[in-house]
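Welcome! Take a look at the sequence and the fold below, and then let us walk through them together.

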Amino acid sequence: MFPQLAAIAGGVVIVLGLLAGTFFFGMRSKNPIVLGAVIWISKAVFNKSQMRTAGTPGAYAGIVRHVGRISGRAYETPVSPVPTDDGFAIALVYGNRTSWLRNVLASGRATLVTEGETWEVDRPELVPMGTVERWFTPGDVRSFRRMRVDDALRLRRVGAVQG
């Protein structure tokens with residue numbers, strides 16, 4: 001009985017290791033199949049739970065409110081903005097082809113909710129990560145380098161939204 005359980009446990013460990021390696025190297029290389037699967041899982045599972053606290057003081061995530069470039073519908077997406085001198089920066093962990101990013105770039109504006117405050121932002125700009133990494137924590141910067149996060153979105157504050 002023990003050899004069979006050991007074989008099953010070993011198989012599970014191997015499968016989990018292969019999945020972890022596929023995830024890591026797929027994200028690092030921005031493989032479209034891996035990115036597509038991770039984005040789908042994020043939308044279906046993680047974003048829904050993250051939206052419960054996103055934008056509130058102390059929450060990990062903020063919210064970017066944007067309008068669909070094709071549908072014209074309003075969307076809310078959890079993101080991790082960091083404040084800069086004149087606005088915010090968002091590391092593009094999933095690359096620069098996500099729907100929310102393309103919507104913000106197309107409209108030239110968005111609303112960002114972070115730390116309990118709501119900000120109108122405009123002039124979205126794709127920038128190299130190196131130009132904004134000083135605003136991220138050293139731990140985040142190390143993770144971004146490990147995962148080859150090369151780009152960030154820079155947004156300029158227009159003003160706080162009242163009410």
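What percentage of the 163 residues of the chain count as buried? The answer is 34%, where buried means under 20% relative accessible area, exposed means over 50%, and partly exposed lies in between (1.4 Å probe, protein chains only). This is a predicted model, in which local features need pLDDT of at least 70 and side-chain atom pairs count only at pLDDT 80 or more, while totals for chains, interfaces and linings use all residues. Residues are numbered from 1 along each chain as its sequence is written, and side-chain values use heavy atoms, with hydrogens and water left out.

**The overall layout**

- The chain has four helices and seven strands; helices (H or I, at least four residues) and strands (E, at least two) are DSSP runs, numbered from the N terminus.
- Along the principal axes, the C-alpha atoms fill a box of roughly 65 × 30 × 30 Å.
- Contact means heavy atoms within 4.5 Å. Among contacts between residues at least 6 apart in sequence, 61% join residues at least 24 apart.

**The sheet**

- Seven strands form an open sheet in the order β2-β1-β5-β6-β7-β4-β3, with antiparallel pairing; two strands pair if DSSP finds at least two bridges between them.
- β2 and β3 (81-83) stand at the edges with a single partner strand each, so one side of each has no neighbour in the sheet.
- On average, neighbouring strands of this sheet are turned by 35° against each other, direction ignored. Axes here are lines fitted to C-alpha atoms, for helices over the stretch in contact, and angles run from 0 to 180 degrees between N-to-C directions.
- At one end of the order, β1 (residues 62-67) and β2 (residues 74-79) pair in the antiparallel sense over six bridges, and V64 has T77 in β2 as its bridge partner.
- The hairpin of β1 and β2 has six residues between the strands, and G72 takes a positive phi near 75° there.
- β3 and β4 run antiparallel and are joined by three bridges, with P83 opposite F88 in β4.
- β4 also pairs with β7 in the antiparallel sense, over five bridges; here A91 stands opposite A152 in β7.
- β6 and β7 are antiparallel partners over eight bridges, and L126 stands opposite L153 in β7.

**The helix across the sheet**

- α3 lies across β1, β2, β4, β5, β6 and β7, and runs at about 60° to β1.
- Which residues of α3 are buried? They are W100, L101, N103 and V104.
- Seen down the axis of α3, these buried residues fall within an arc of 160°, so they line one face of the helix; the arc is that of the directions from the helix axis to the C-beta atoms.
- After α3 comes G108, with a positive phi near 80°.

**The nonpolar cores**

- A nonpolar core is a set of buried Ala, Val, Leu, Ile, Met, Phe, Trp, Tyr and Cys residues joined through side-chain atoms within 4.5 Å. The largest one has 14 residues, of which V64, W100, V104, V121 and L153 touch the most other members.
- Two or more residues each come from β4 (87-91), α3 (99-107), β5 (109-114), β6 (117-128) and β7 (151-160), and α3 gives the most, with three residues.
- Leaving out residues up to four places away in sequence, L153 touches F88, A89, I90, L92, W100, L101, V104, L105, P124, E125 and L126.
- Another core of 13 residues lies apart from it, with A91, W135, V141 and V149 among its members.

**Two more details**

- The whole structure holds two aromatic pairs; rings of Phe, Tyr and Trp (its six-membered ring) pair if their centres lie within 6.5 Å, and planes under 30 degrees apart count as stacked, over 60 as edge-to-face and the rest as tilted.
- The ring centres of F136 and F144 are 5.3 Å apart and their planes are at 85°, so this pair is edge-to-face. F136 and F144 are both buried.
- M51 is in the loop between α2 (32-50) and β1, and counts as partly exposed at 23% relative accessibility.
- M51 touches I63, E76, T77 and P78, not counting residues up to four places away in sequence.
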